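Subject: The structure I promised you

Hello,

Please have it open while you read.

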Amino acid sequence: MTDKITVLGIRERYAKGEKIVCITAYDAVFGRIADTAGADVILVGDSLGNVVLGYTSTLPVTLGDMVSHTQATRHGVKRALFVADLPFGTYQSSVEQAIQSATALVKVGAEAVKVEGEYTEQIAAIIKSGVPVMGHVGMTPQSVNLFGGFRVQGRGEDGQSIIDSALRVQDAGAFAVVLELIPADLAQRITETLTIPTIGIGAGVHCSGQVQVIHDVLGLNPKPMKHAKRYLSGYDCFVDALRQYSDDVRSKAFPSDEQSF
């Protein structure tokens, strides 16, 4: 059996120049699939709001939602480093709130948490409490209303501010930082500046690793995303399979003697 991946293992991969593979999962089935496929990091993202719960943003996702999906996904993940997002409104107001929220996720199996934005006091305090933290800068979806939509960040003069933010997140103790929806050349500059891994999503090939939503990679989202590559037309496969099931039921082809007792 392949050794369990820890934060130390991620640091070792980074030191060797190995690319880090991260994928989201929101339940035990997809957690097991991603883990079996060899992902280094599995993230229970608050993107479950868009992907699973049908919201138009991550903002309505509660800590209770994250606890429930983290607990479920934990059952499918044995090898990969298991990370969970702190959702909007569960860490911004105080250090104490951040520690309590991180603790709730660790209690149900998270091995690290992800914090969006430059909340350096919270990041440092969570780490001091014994929980590793992954940072997240650039297009931070929890700030979608501030940004005026899901927009590429860091073009022009804004680039330096994102570099500075990433450095402060690193200095606070984060073991890695997600770079979302920023120009590839800026992501390369950040990656070359930091001494921790960068995990890109819509940030080009020069990051230390990549993260994608599993539903996008498997083609389960009917609407293709520019930053994602479909490795399977999963939506069409599932619809075709269920249509065949429906036809078989209606024609009495299912269940056959083989599926009967």
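A word on naming before anything else: helices (H or I, at least four residues) and strands (E, at least two) are DSSP runs, numbered from the N terminus. Please also keep in mind that this is a predicted model.

With that numbering, glutamate 111 sits in the loop between α5 and β4 (112-114). If you leave out residues up to four places away in sequence, glutamate 111 touches Lys4, Ile5, Arg74, Ala80, Leu81, Phe82 and Pro132.

Cysteine 207 has another story to tell. You will find it in the loop between β7 and β8 (209-212). Its relative accessible area is 1%, which means that cysteine 207 is buried. Leucine 232 is 25 residues from cysteine 207 in sequence, and here the C-alpha atoms are 24 Å apart. Setting aside neighbours within four places in sequence, the contacts of cysteine 207 are Lys19, Leu179, Ala187, Thr191, Thr198 and Gly200. Two of those names, Ala187 and Thr191, come back among the buried residues of α9.

That brings me to α9 itself. Its buried residues are Leu186, Ala187, Ile190 and Thr191. Viewed down the helix axis, these buried residues fall within an arc of 140°, so they line one face of α9. Asp185 and Glu192, on the other side of the helix, are exposed. What do the buried residues of α9 pack against? Their partners are α8, β6 (176-180) and β7 (198-201).

The pairing with α8 deserves a look of its own. Helix α8 (residues 158-171) and helix α9 (residues 184-193) have axes 10 Å apart and pack at an angle of about 30°. Since angles under 35 degrees count as roughly parallel, α8 is therefore roughly parallel to α9. The two helices make a right-handed crossing. From α8, the residues in the contact are Gly159, Gln160, Ile162, Ile163, Ala166 and Leu167, and they meet Leu186, Arg189, Ile190 and Thr193 of α9. Sorted by class, this contact has 6 nonpolar, 3 polar and 1 charged residues.

Helix α4 (residues 63-74) packs with helix α5 (residues 95-107) at an angle of about 25°, and their axes are 8 Å apart. These two helices are therefore roughly parallel to each other as well, and α4 passes α5 in a right-handed crossing. On the α4 side you will see Leu63, Met66, Val67 and Thr70, which meet Ser101, Ala104 and Leu105 in α5. The contact of α4 with α5 has 5 nonpolar, 2 polar and no charged residues.

Helix α6 (residues 120-128) links up with several of these elements. Gln122, Ile123, Ala125 and Ile126 are buried in α6, and the buried residues of this helix pack against α5, β4, β5 (133-138) and α8. After α6 comes glycine 130, with a positive phi near 110°.

Finally, some backbone details. Most residues other than glycine have a negative phi, and most peptide bonds are trans. Which places depart from that here?

- Leucine 181, in the loop between β6 and α9, has a positive phi of about 50° although it is not a glycine. Its relative accessibility is 18%, so leucine 181 counts as buried.
- Lysine 252, in the segment after α11, has a phi near 65°, a positive value in a residue other than glycine. Lysine 252 is exposed, with a relative accessible area of 74%.
- Proline 255, found in the segment after α11 (234-250), is joined to phenylalanine 254 by a cis peptide bond, with omega near 0°.

Happy viewing, and do write back with your thoughts.

Best wishes

Technical notes:
Residues are numbered from 1 along each chain as its sequence is written. This is a predicted model: local features need pLDDT of at least 70, side-chain atom pairs count only at pLDDT 80 or more; totals for chains, interfaces and linings use all residues. Side-chain values use heavy atoms; hydrogens and water are left out. Axes are lines fitted to C-alpha atoms, for helices over the stretch in contact, and angles run from 0 to 180 degrees between N-to-C directions. Angles under 35 degrees count as roughly parallel, over 145 as roughly antiparallel, 65 to 115 as roughly perpendicular and the rest as oblique. A crossing is left-handed if the near helix is turned anticlockwise from the far one by less than a right angle, and right-handed if clockwise. Contact means heavy atoms within 4.5 Å. Ala, Val, Leu, Ile, Met, Phe, Trp, Tyr, Cys and Pro count as nonpolar, Asp, Glu, Lys and Arg as charged, and the others, Gly among them, as polar. Buried means under 20% relative accessible area, exposed over 50%, partly exposed in between (1.4 Å probe, protein chains only). The arc is that of the directions from the helix axis to the C-beta atoms.
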